[in-house]
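Q: Can you walk me through the side-chain packing in this one? I'd like to start with the aromatics and then look at the core.

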Amino acid sequence: MLHHRWQEAAEYMVFYPQKLEGSEIEYRQNRELIWRISIELLHHMPNSKLEDYNNIHERMKHLGVKIYLKVSLEQSFHLMLCGQIEEAKQLLAIGESWRYGKESASQHQTAKLIQAYRSLLDYVIWCDKKFTLDDTDDDSVTYQDMHSYFRQASVHLKEIFKNPGVWDPFIVSYVEMLEFYDDHEEALKILNDYAYDDTFPPNPNAHVFLYQYLKRRGASDKKLTKVLKVKQLNWKDILSETVEPRKDWWPALHFTSFHAAQDSKENPELMKLKAPVAKIFCPGK
C-alpha cells in the first residue's frame, strides 16, 4: 500500500481474514485493522462500487459489536459522499437506537456524533426543500414538510449542545434555520452560550460566529468590538493548549533550518505563516 500497489495488496488482503479465522481472539483484536485496510483498498480500486463498501461495512458491524457505532458513522459518511442522503440518515437512525451491553465512554461519544450528524442531515434535507420552494413550482414540497425537518433537527441539536465540545458546523446550520424562522432570541442564546460557556473548550470560531451574526443584525460597533476583544484574549488559551503537547516533536518535523530554506524557495507564503509559529515553538532562536 505504501508503494501504491493496490491490486497486489488487495490479493494479499483476501487471505488475511481467512488466516485469522482459526483464532477468535486474534481475529477480534484485528477487526478494525481489517476494516480500515479493506476500505482504503476500495478507495484506490478503479471498479469499486457502493455495494462493495456496504458489504464490508455490514460484515464488520456484525463481527465486532464494539466498533458497530464507529463503522455505522463512517459508512454514513461514504453514503453522504455518494449523495445518498436519505440512506445515510436511515443508517444513522438505526445506529442511534442500537444498544449492546454496557456503553463505554468511547461508544457514548460516538453515539452523540451519530445523533449530531443525523440532525445535520435533517438540515441538509431542509436546505434542499427550501431551495425547491424558492426556485420552482413543485407542489410536492410544502412549507410544512420543510418545517418538519427543522423541528427534528432542532430537538436533537439542542440536546447535543448541552455536551461541551467543538460543534462548529452544527451551530452554524442551526443558527441559519433559526434566522430563517426569525427566532433571533434563540439564535443569540445559542451563540452566546457557545462563545462564553466555560465548560466548552476554547474556540475562536465561536466568537467569529457571534460577531458575524451580530453584524448581520446591525449591532453597534461597541458590541462588535467587545466580541473581538474577547476573541483576541481567547487566542492565548488556544495557543497554550495547542503548543505545549507538541513542543517536543513539531519543531524537528516542521520548523528546522532546512524547512525554512526550502519554504523560502518553493513556498514563501507558507514561510510567512510559519514564522510567527516558529517564534512560539523556538523562542530566542
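This is a predicted model: local features need pLDDT of at least 70, side-chain atom pairs count only at pLDDT 80 or more; totals for chains, interfaces and linings use all residues.

Q: OK. How many aromatic pairs are there?

A: The count comes to eleven aromatic pairs. One of them is Phe-77 with Tyr-117, where the ring centres are 5.0 Å apart and the planes are at 75°, so the pair is edge-to-face.

Q: Where do Phe-77 and Tyr-117 lie?

A: Phe-77 is in helix α5 (residues 68-81) and Tyr-117 is in helix α7 (residues 105-135), so the pair ties together parts that are 40 residues apart in sequence.

Q: Is Tyr-117 buried or partly exposed?

A: Tyr-117 is partly exposed, at 21% relative accessibility. Phe-77 is partly exposed too, with a relative accessible area of 29%.

Q: And what about Trp-167 and Phe-170, how are their rings arranged?

A: Their planes are at 75° and their centres 5.6 Å apart, so that pair is edge-to-face. Trp-167 counts as buried at 8% relative accessibility, and Phe-170 counts as buried at 3%.

Q: Which residues form an aromatic cluster?

A: Tyr-123, Trp-126, Tyr-143, Phe-150, Phe-180 and Tyr-181 form one.

Q: Switching to the core. How many residues are in the largest nonpolar core?

A: It has 44 residues. Those with the most contacts inside it are Trp-126, Phe-161, Trp-167, Ile-171 and Tyr-174.

Q: Which elements give two or more residues to this core?

A: They are α5, α6 (85-97), α7, α8 (143-160), α9 (168-180), α10 (184-196), α11 (204-216) and α12 (221-243). The largest share, seven residues, comes from α7.

Q: What is Tyr-174 in contact with, leaving aside its neighbours within four places in sequence?

A: Tyr-174 is in contact with Phe-150, Ser-154, Leu-157, Lys-158, Phe-161, Glu-186 and Ile-190.

Q: New topic: Asp-263. Where does it lie?

A: Asp-263 lies in helix α14 (residues 257-266). Its relative accessibility is 10%, so Asp-263 counts as buried, the cut-off being under 20%.

Q: What joins the side chains of Asp-263 and Lys-274?

A: A polar contact of 3.0 Å. With neighbours within four places in sequence left aside, Asp-263 is also in contact with Pro-268, Leu-270 and Met-271, among others.

Q: Which ring face does Lys-274 lie over?

A: That of Phe-255, at 5.3 Å from the ring centre. Lys-61 lies over the face of Tyr-68, at 5.5 Å from the ring centre.

Terms used
Residues are numbered from 1 along each chain as its sequence is written. Side-chain values use heavy atoms; hydrogens and water are left out. Helices (H or I, at least four residues) and strands (E, at least two) are DSSP runs, numbered from the N terminus. Buried means under 20% relative accessible area, exposed over 50%, partly exposed in between (1.4 Å probe, protein chains only). A polar contact is a pair of N or O atoms within 3.5 Å; within protein, one must be able to donate a hydrogen and the other to accept it, and residues adjacent in sequence count only if both atoms are side-chain atoms. Contact means heavy atoms within 4.5 Å. Rings of Phe, Tyr and Trp (its six-membered ring) pair if their centres lie within 6.5 Å; planes under 30 degrees apart count as stacked, over 60 as edge-to-face and the rest as tilted. A charge sits over a ring if NZ of Lys or CZ of Arg is within 6 Å of the ring centre and within 35 degrees of the ring normal. A nonpolar core is a set of buried Ala, Val, Leu, Ile, Met, Phe, Trp, Tyr and Cys residues joined through side-chain atoms within 4.5 Å.
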